[in-house]
Amino acid sequence: MNQYKLSDLLMGIPHEVLQGAIDSYVSDVVMDFNKVSIGAFLVSRRGLNVDGHRYIMEADRKGAAAYLVEDKTAAFPPGKPIIYVENTRKAMGPIAANLYGHSSRNMRLVGVTGTNGKTTTTHFIENILRASGRKTGLIGTAGIQINGEIFDFPFTTDTTPDPLELHRIFAKMHQMGVQDVIMEVSSHALALHKMEGLTFDIGVFTNLTQDHLDFHGTMQNYHDAKAQLFKISRTAVANADDPATPTMLKLFTGDPCLYYSLQADADLRALHIQNTAQGMTFDLEAGGLMQYFTLPALGRYNVYNCLAAIGVAQLLGVHAAAIREGVAQIAQVPGRLQAIPNQRGVQVFVDYAHSPDGLKSTIQAVRELTNRRVITLFGCGGDRDKEKRPQMGRIAGELSDYVLLTSDNPRTEDPAEIIRHIEAGVKETPVLYEINENRREAICAGVKLLKEGDALIIAGKGHENYQIIGTTKHHFDDYEVGCEALCD
């Protein structure tokens, strides 16, 4: 059994010992009461729905050895070490770093935040750095990769791991020789202090549009959460075309910040953008020089993601020729405008678009790839931002030739009610549409509608291989179901 001294775990963290001995030993650190075992150090958090302090006495019966608390009035077991801090969430990052030996300090950290493009941008950065000979680690929505290989390390949240998981991943990456860690940094992670104690070599901002208001409440809160990344970044790369960029960087005190653009003068500017059957081409204007790039990814918005990745590579000292070669070798990002091959003369794409701006960009990208109909199939997640549902319905109706409304991850909401919210926006447009709550049936119906030259977008779930109904995850993969439908 491992043994960790409380005083070592709390090193550098302001705290007060309410009872017990600080030189006591524990066998593990846990943030979840359900994971308590004999000898564990339990971090009691006030959760979004439940106050973890309520479970301290029950944790004692399971054998917990010590407790970190932020509520001095909670009931405590006699004799056990009780350590008080002002905010247990803020303390958790430094504790996890102490537990795993501050492995992050031995690697270069790149954090990417923004409403859309985080996953694609991190994959682009990782592809370029690995192509240049660097050993890389990737952390984000699509999981964990080390040197391009998927690493089986499931974590409990959608995008950014909790501190204990994150620092354990850092330790594993350092052990495997990783030099550069590229990670998605969500607004939730920043608001919940998951990044506490970290310093990023580079912070990247992609864009800001409406999302996650169920959690943040207002767009200002959402904006302010993301801006926290730049308070802890030494250098930055930011989208000059996004109106939120100037205020997003208000906390940034590092140097330099590289700006990228498709519309205005910037450190990195893409000109002469063209669609091809293989992806996109553009000329990069940077430092008074022009260089031609081929990008094997579809969609004008992916040029933005590519410019962000190029900016990161430049700041990390990758040679210009190696950057160009790395971009040309970029691999398909799972569930991001991912084409399903077929012999029917039609195009079917699986995409993660689940916000108004994301859906708009995806439909516009596909519109450029066909002269025939664009059919859009999507739903919206339950227990999430309800305001965006009619907005997404209106966008789909305005930009598509036909729309299929279906279920996404309804969670604990009534799927039919979610669809009615979306339908309200669709009804504001003249588009023809149909409703099928069963996602599998809806995908099959969408494929049957296709005529030669048409394109079908299956939006909302992307790389996910599950559907959450109630509180249960059921296996469901849009790409897999799309393939089956095309083979029927």
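Contact denotes heavy atoms within 4.5 Å. The model is predicted, local features require pLDDT of at least 70, side-chain atom pairs count only at pLDDT 80 or more, and totals for chains, interfaces and linings use all residues. Numbering starts from 1 along each chain as its sequence is written, and side-chain values use heavy atoms, with hydrogens and water left out.

**View 1. Surroundings of Glu-413.** Not counting residues up to four places away in sequence, Glu-413 touches Gly-382, Asp-383, Arg-384, Lys-386, Arg-389 and Ile-418. Its side chain forms a polar contact of 2.7 Å with that of Arg-389 (a pair of N or O atoms within 3.5 Å, where within protein one must be able to donate a hydrogen and the other to accept it, and residues adjacent in sequence count only if both atoms are side-chain atoms). Glu-413 is buried, at a relative accessible area of 15% (buried, under 20%; exposed, over 50%; partly exposed, in between; 1.4 Å probe, protein chains only).

**View 2. The aromatic pair Phe-151 and Phe-153.** The whole structure contains four aromatic pairs (ring centres of Phe, Tyr or Trp, the last by its six-membered ring, within 6.5 Å; planes under 30 degrees apart are stacked, over 60 edge-to-face, the rest tilted). The rings of Phe-151 and Phe-153 are tilted, because their planes stand at 40 degrees, with centres 5.9 Å apart. Phe-151 is partly exposed at 22% relative accessibility, whereas Phe-153 is buried at 11%.

**View 3. The aromatic pair Phe-282 and Phe-293.** This pair is stacked, with 5.4 Å from centre to centre and 5 degrees between the planes. Phe-282 and Phe-293 are both buried.
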